[in-house]
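Hello,

Here is the structure I promised to pass along. Have a look at it first, and my notes on the ligand and the pockets follow below.

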Amino acid sequence: MVHFVGAGPGAPDLITVRGQRLLEAADVILYAGSLVNPEVLEGRKPSCRIYDTARMTLEEVLEVIRKAEEEGGQTVRLHTGDPCLYGAIREQMDALEREGIDFDMCPGVSAFGGAAAALNLEYTLPGISQSVIITRMAGRTPVPEREKLSSLASHQTSMVLFLSTGLLRDVERELQEGGYPGDTPAAIVYKATWKEEKKVLCTVDTLAGTAEEMGVKNTALILIGRVLAPEGYERSRLYDPGFTTGFRKGTEV
Ligand code: SAH
């Protein structure tokens, strides 16, 4: 049996309880060493074999899994954050399905949650933004034309960019072409929840320069939107004394 597990954004205590239990029971762990904090692996069994997949191909990963299956062991495939985002898990799961190998998935705290926590941020403030766009700048991995950053930018919602720190001049241009004013609040969060975490608030038109000053080239998220410097947001209806919900009767005020 193979378990795809989210390791969380970095801090080793941000893996889920279920994920931790699966790690402790694993006979083989394959982890993405470029981004997963190795401290997360500390609870493994002494007999557990570990593989850093940063230098492996999909074929090599599958070969390790096949062998573990033949031995009747439990395999954990550990991905950074939550495996459901930019995890390249579909191709692995399809290959396992073809070979009749059972698998399941255990979610994790994605970096976009880690980065919000680093900034004490709520992405969805009534009256400002009720949506979050998670995307990336097109780079060596293309992005479908209809999802071009400039067209998503027309909504001016809260936005989180993964995998884009090396392309911030293009990001600045596309965001402004699409509709965000240059002075829209933005932030760069490097290694959210790690000991080395760095976070800087800036604006859409200063993203590239800010990353340069921070000396940050990768493992960072770019956050965009007025929720980063909120002014004039509305109170939630849910906790408004005058608002009746399924759990609480509103009172006249
Ligand atoms: N599945 C992961 C994302 C993997 S893609 C998740 O849910 O978080 C890898 C990209 O995620 C990195 O290039 C970087 O943009 C971002 N990232 C991962 N961990 C991060 C962290 N701790 N802080 C900031 N960005 C991070």
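Let me start with the ligand: one of its oxygen atoms lies 3.0 Å from a polar backbone atom of L163. Please keep in mind that this is a predicted model.

A polar backbone atom of A192 is 2.8 Å from a ligand nitrogen, and a backbone N or O atom of K191 is 3.5 Å from a nitrogen of the ligand. Taken alone, the ligand would expose 540 Å², and the protein buries 95% of that.

Around the ligand there are 18 residues, with P9, L85, S110, A192 and A220 coming nearest. This shell is made up of twelve nonpolar, four polar and two charged residues.

Where does the ligand sit? You will find it in the largest pocket, which holds about 1,100 Å³ of space. The lining of this pocket counts 41 residues, and S34, L35, T80, Y86 and L163 are nearest its centre. Two or more lining residues each come from α2 (58-70), β4 (75-79), α3 (90-98) and β10 (220-224). By class, the lining has 18 nonpolar, 16 polar and seven charged residues.

The second largest pocket has a volume of about 180 Å³. Its lining includes T165, G166, R169, E212 and K217. Both α6 (168-178) and α7 (207-214) give two or more residues to this lining, and the largest share, three residues, is from α7. The lining divides into four nonpolar, three polar and three charged residues.

Best wishes

Key
Residues are numbered from 1 along each chain as its sequence is written. This is a predicted model: local features need pLDDT of at least 70, side-chain atom pairs count only at pLDDT 80 or more; totals for chains, interfaces and linings use all residues. Side-chain values use heavy atoms; hydrogens and water are left out. A residue is near a molecule or strand if one of its heavy atoms lies within 4 Å of it. A polar contact is a pair of N or O atoms within 3.5 Å; within protein, one must be able to donate a hydrogen and the other to accept it, and residues adjacent in sequence count only if both atoms are side-chain atoms. Accessible areas come from the Shrake-Rupley method with a 1.4 Å probe; for residues, only the protein chains shown count as cover. On a 1 Å grid over the protein atoms alone, a cavity is a set of points where a 1.4 Å probe fits but cannot get out, and a pocket is an open set with protein on both sides within 12 Å along at least five of seven lines; lining residues have an atom within 4 Å of a point. A molecule sits in a cavity or pocket if more than half of its atoms lie within 2 Å of its grid points. Ala, Val, Leu, Ile, Met, Phe, Trp, Tyr, Cys and Pro count as nonpolar, Asp, Glu, Lys and Arg as charged, and the others, Gly among them, as polar. Grid points are joined across faces, edges and corners, and a volume is the space filled by probe spheres set on the points. Helices (H or I, at least four residues) and strands (E, at least two) are DSSP runs, numbered from the N terminus.
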